[in-house]
Amino acid sequence: MTLTVNLPAADGSVEEYRLVGTPIERPSRPPVFNRIAYAAAHVVSDPKAETDPWDRPAIDWDATIAFRRHLWSLGFRIAEAMDTSQRGMGLDWAGAQELIGRSLAEARHIEGADLACGAGTDHLPAADARSLDDIIKAYETQIEFVEKNGGRAIMMASRALARVAKSADDYGKVYGRILSQAKDKVVLHWLGDMFDPNLRGYWGSQQFEPALECVLSIIAENKSKMEGIKISLLDNEKEVRLRNNLPVGVLCFTGDDFNYAELIEGDGKRYSHALLGIFDAVAPSASKALALLADGDISKFRSVIEPTVPLSRKIFEAPTQYYKAGVVFLAWLNGHQSHFSMPAGLQSARGILHYADIFRLADKANVLDRPELAARRMTSLASVYGMG
């Protein structure tokens with residue numbers, strides 16, 4: 001049966017779209033990859049319990065944890081309580097603590113389940129930070145919580161540090177102190193200002209070269225405490241520059257949701273591992289592609305992963321910080337949650353033309369796991385916008 005959906009077009013018309021995709025089959029057991037692959041996971045809101053979604057969003061914990069089981073079943077590690085979970089854009093530190101605690105507890109009951117948890121300074125409003133010591137204490141609070149609950153930390157970029165730091169040396173002081181105290185190896189997080197404008201000038205400069213010099217210096221001085229660094233600049237050349245200069249044993253994790261396919265494949269000498277928000281949205285495709293890569297089938301790896309790239313570029317288009325809406329939209333279309341609502345009402349950050357484009361690209365990339373359900377839900381959403 002051919003499925004069709006009436007979708008809005010950029011010229012103001014409504015067109016009939018015929019679905020063409022084929023769902024990706026699920027593995028019988030979690031596959032083994034030859035790249036470390038973290039999927040940064042979203043949280044599911046609970047609209048029935050929300051009375052103040054901007055300031056006190058309610059979380060559907062059962063659906064949120066179920067989605068983590070979905071990712072683990074596909075072979076992924078989880079990057080928990082990160083940007084994709086709306087840290088600082090709907091999920092505060094109190095909510096992040098509960099999310100981290102619940103995910104770590106769930107992982108103990110699932111064979112092979114692995115995760116690392118975002119630790120930052122978001123409980124300290126940037127405007128209230130007065131000194132580097134304030135920021136160090138804030139990082140210590142969050143990393144101590146993660147470690148106390150048996151987790152490993154991803155040291156998230158800090159809005160407060162970006163505001164207070166005056167030089168690269170200030171970054172060296174803060175990161176050196178925190179890394180020296182860490183119990184386990186840590187993943188650093190280089191998040192570009194396209195994801196968060198408050199991070200402009202991170203590592204002490206708005207220019208790439210001095211920022212790279214700063215971060216490489218921090219890594220060199222603390223490499224025994226580092227699993228690696230995630231870089232999210234949406235620029236493959238900059239990532240390759242970083243990757244080629246990392247010390248042996250320190251891994252590069254791509255956070256480039258525009259160029260991840262080629263960066264994960266590598267150049268024949270070096271490659272990137274992955275820590276990606278898009279893997280939340282395209283998990284079955286990414287899992288299949290990574291399994292093919294591990295089997296040495298580069299051609300089939302490309303045939304599965306490359307169609308997801310145009311979809312990812314649409315989801316992460318400017319203003320990039322609103323990409324979470326596209327991720328949750330696909331989780332709703334694919335039946336991982338019963339509604340399309342988000343903490344802080346963030347689903348309103350994108351318009352119906354954006355969601356219609358995501359629908360088309362997801363179908364063409366074979367990302368719609370349940371096409372009939374997706375078509376019904378897309379039709380329902382379009383009707384809200386007067387296109388019924």
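Me: Which residues in α12 meet which residues in α14?

Reply: Bear in mind that this is a predicted model. On the α12 side the residues are Pro310, Leu311, Lys314 and Ile315, and they meet His354, Asp357, Ile358, Leu361 and Ala362 in α14. Sorted by class, this contact has six nonpolar, one polar and two charged residues.

Me: How do the axes of α12 and α14 cross, and at roughly what angle?

Reply: The axes of α12, residues 308-315, and α14, residues 352-364, come within 9 Å of each other and cross at roughly 165 degrees. Because angles over 145 degrees count as roughly antiparallel, α12 is roughly antiparallel to α14. The crossing of this pair is left-handed.

Me: Is threonine 308 buried or exposed?

Reply: A residue counts as buried when its relative accessible area is under 20%; for threonine 308 the value is 0%, so this residue is buried. Threonine 308 has its place in helix α12, and, once neighbours within four places in sequence are left aside, its contacts are Tyr260, Val282, Ser285, Ala365 and Val367.

Me: Where is asparagine 34 found, and what does it touch?

Reply: Asparagine 34 lies in the loop between β2 (14-18) and β3 (37-40), and because its relative accessibility is 32%, it counts as partly exposed. Not counting residues up to four places away in sequence, asparagine 34 touches Tyr271, Leu290, Leu293 and Ala294. For leucine 290, which is 256 residues apart from asparagine 34 along the chain, the separation between the two C-alpha atoms is 7.6 Å.

Me: How many of the residues of α13 are buried?

Reply: Helix α13, residues 323-333, is mostly covered, with eleven of its eleven residues buried; among them are Lys324, Phe329 and Trp332. The buried residues of α13 pack against α9 (278-281), α12, α14 and α15 (371-384). After α13 comes glycine 335, with a positive phi near 85 degrees.

Conventions: Residues are numbered from 1 along each chain as its sequence is written. This is a predicted model: local features need pLDDT of at least 70, side-chain atom pairs count only at pLDDT 80 or more; totals for chains, interfaces and linings use all residues. Side-chain values use heavy atoms; hydrogens and water are left out. Axes are lines fitted to C-alpha atoms, for helices over the stretch in contact, and angles run from 0 to 180 degrees between N-to-C directions. Helices (H or I, at least four residues) and strands (E, at least two) are DSSP runs, numbered from the N terminus. Angles under 35 degrees count as roughly parallel, over 145 as roughly antiparallel, 65 to 115 as roughly perpendicular and the rest as oblique. A crossing is left-handed if the near helix is turned anticlockwise from the far one by less than a right angle, and right-handed if clockwise. Contact means heavy atoms within 4.5 Å. Ala, Val, Leu, Ile, Met, Phe, Trp, Tyr, Cys and Pro count as nonpolar, Asp, Glu, Lys and Arg as charged, and the others, Gly among them, as polar. Buried means under 20% relative accessible area, exposed over 50%, partly exposed in between (1.4 Å probe, protein chains only).
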